[in-house]
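Here are some notes to read alongside the structure, written for someone meeting it for the first time.

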Amino acid sequence: MKLVLHNLTKSFATHRVLDGLSGDFGEPRSLALIGPSGGGKSTLLRIIAGLETPDAGTVTLEGEALAFADEEKLRAHRRRLGVVFQAFNLFSHLTALANLTLPLEKVHGLSASEAEHLAREALRRFHLADHAHKKPAQLSGGQQQRVAIARAIAIKPRLLLFDEPTSALDPEMTAEVLEVIEELKDEGRDFLLVTHEMGFARHVADRVAFLADGRIVEHAPAEELFGTPRSPECRDFLARILKY
Amino acid sequence: MISALRSAFFADDRAPASPLARAASFALALGLLSLVCSGALAALSYHWSWGPVWDFRRLFWNGWLTTIGIAALALPLSCLLGLAFALLRRSSFLPLRYVARIYVEITRGTPLLVQIYFYWYIFGQQLPRDSRFLAGAVILSLFSGAYLSEIIRAGIDGVGRSQLESARAIGFTRAQTYRYVIFPQALRRILPPFAGEFASIIKNSSLLSVLGIEEFALAAGTVSSQTYSYFESYLPVALGYLLLTLPISLWTQSLEKRARFET
């Protein structure tokens, strides 16, 4: 993924969440965003996903600037991404299978049979074939999140965005979801991950960016950032978080 | 002995009643109520005379059919109006929002009878006389539409933010989000209160008698003024309305039960 952020600013009411955030990450396959809560990680991900409009600044993905003022273009941008949310966000009235086929049919124009074929394949991949006809409420959190990942993958996105995908899960389910993300990495998929799982970020991301107070304080290859953080903020953060 | 009585007449969530116990209690309740009613009538020393009323049976029958006709027109029409105003209240064009809001507040805040007169004297006068039936159904729909629009609005508002977020992230347009996410989810929540409002529409149609529409309640009025048999004229009317509203009420309850299981 080629991602360049320039001078992004975003405020909610009087609270400035992003404060002139910039970053040129080169061309990592996978990028993890870490940092203290309220530092702007999720807001940044939502801006990159085309779900939030920055007050100022630009996002350039694969050499293309996102057109935040043009809803039509923004929608086209969203269609090429797969977003996985903290709270799974599966459509509660639809079965697991229908959660996958709905976007394939209605957004990507596949026929019903093509969509079902692709959807079943994606569910099988994540060992969810037996759950195809269950509603989200009948699935465990880990299963729901894997269905959400399957839904994101099924459309063959150019980039996957994970917004704290394991924050709502217990440790066992966290492991089953992290395993899936790791598989995707091994497959060579591009993704951007907001996470509190430091060990996992270090393990799975090519590059890690540390966000605090609405800015990217530093970013570096994973080993480097976790091994020898340069900024005092990042050093403090890692020391605090890795203490226990 | 006491425990047998207990299980025959008492129930709670842990020990639901058996069908037999429920039937027995139902019969008992019905019996008690009839006893009270017949006692009250006996105190009046009322003399029943069904003969003259029976002679007007065609009038009742036609009135009942007219009521069904009005309801059949008003139900879909009020749904359409309700949906339209619910959507207007979510319009991004602010003046439209307020049009919907003012309409809903005024309609819900004033008696139907007053509205019937108002609409009739302002608009109805220009209409040909034989269009009363249609005008009545429209007035009733305008009234119920306001209530239905509030039910629909609450149903739409009840759809979680995460669901809308997901729909946007997937790349749905606004129309697609309504079609595939909001409406199907809102419908489950809306149906039980909707069915209740349907029963109200049927009952409220009785007020249209003030326009001289020959529906069920007017039939009873006509008959009672000619026979002086008030109970005999209005009892069939009560039964006739119950015949229409009870199935809806039972349907509502089954919908509520299903909605509980689904979540």
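1. A definition to begin with: two strands are said to pair if DSSP finds at least two bridges between them. With that in hand, look at strand 9 (residues 207-212) and strand 10 (residues 215-221) of chain A, which run antiparallel and are joined by six bridges. Strand 9 and strand 10 of chain A make a hairpin with two residues between them. In the turn, Asp213(A) has a positive phi of about 50 degrees.

2. Please keep in mind that this is a predicted model. The predictor gives the complex an ipTM of 0.89 and a pTM of 0.80. For chain B, the mean pLDDT is 88, with 98% of the residues at 70 or more.

3. Now for chain A as a whole. Chain A holds nine helices and ten strands. Its radius of gyration is 18 Å, which agrees with the value near 18 Å for a compact globule of 244 residues. The C-alpha trace of chain A spans about 55 × 45 × 35 Å along its principal axes. Of the 244 residues in chain A, 44% are buried. Among the contacts in chain A with a separation of 6 or more, 64% are between residues 24 or more positions apart.

4. Next, a sheet in chain A to trace by eye. Four strands of chain A form an open sheet in the order 2-1-4-5, with antiparallel pairing. Which strands are at the edges? They are strand 2 (15-24) and strand 5 (64-65) of chain A, each of which pairs on one side only. Strand 5 of chain A pairs with strand 4 (residues 56-61) of chain A in the antiparallel sense, over two bridges. There, Leu61(A) stands opposite Glu64(A) in strand 5 of chain A. Helix 1 (residues 41-48) of chain A packs on this sheet and touches strand 1 (3-12), strand 2 and strand 4 of chain A. The direction of helix 1 makes about 65 degrees with that of strand 2 of chain A.

5. A set of parallel strands comes next. Strand 7 (residues 159-163) of chain A is joined by four bridges to strand 6 (residues 81-84) of chain A, and the two run parallel. Strand 7 of chain A also runs parallel to strand 8 (residues 191-194) of chain A, again with four bridges. To find your place, look for Gly82(A) opposite Leu160(A) in strand 7 of chain A, and for Phe162(A) opposite Leu193(A) in strand 8 of chain A. Why is strand 7 of chain A described as largely enclosed by the rest of the structure? Because four of its five residues are buried.

6. Is Arg29(A) buried or partly exposed? A residue needs 20 or more C-beta neighbours within 10 Å to be buried, and 12 or fewer to be exposed. Arg29(A) has 13 C-beta neighbours inside 10 Å, so it counts as partly exposed. Leaving aside neighbours within four places in sequence, Arg29(A) is in contact with Met1(A), Gly188(A), Asp190(A) and Asp206(A). Gly188(A) is 159 residues from Arg29(A) along the chain, yet their C-alpha atoms are separated by 7.2 Å.

7. Chain B can be described in helices: eleven of them, and zero strands. The radius of gyration of chain B is 24 Å, whereas a compact globule of 263 residues would have one near 18 Å. The C-alpha trace of chain B spans about 70 × 70 × 25 Å along its principal axes. Of the 263 residues of chain B, 30% count as buried. Residues 24 or more positions apart supply 76% of the contacts in chain B with a separation of 6 or more.

8. Finally, where the chains meet, 16 residues of chain B are in contact with 17 residues of chain A. On the chain B side, the elements giving two or more residues are helix 8 (161-170) and helix 9 (174-204) of chain B. Helix 8 of chain B provides the largest share, seven residues. By type, the chain B side divides into six nonpolar, eight polar and two charged residues.

Definitions and conventions:
Residues are numbered from 1 along each chain as its sequence is written. Chains are lettered from A and ligands numbered from 1 in the order in which they are written. This is a predicted model: local features need pLDDT of at least 70, side-chain atom pairs count only at pLDDT 80 or more; totals for chains, interfaces and linings use all residues. pLDDT is the predictor's confidence in each residue, from 0 to 100. Two residues are in contact if their C-beta atoms, placed from the backbone, lie within 7 Å. Ala, Val, Leu, Ile, Met, Phe, Trp, Tyr, Cys and Pro count as nonpolar, Asp, Glu, Lys and Arg as charged, and the others, Gly among them, as polar. Axes are lines fitted to C-alpha atoms, for helices over the stretch in contact, and angles run from 0 to 180 degrees between N-to-C directions. The radius of gyration is taken over C-alpha atoms; the globule rule is 2.2 Å times the number of residues to the power 0.38.
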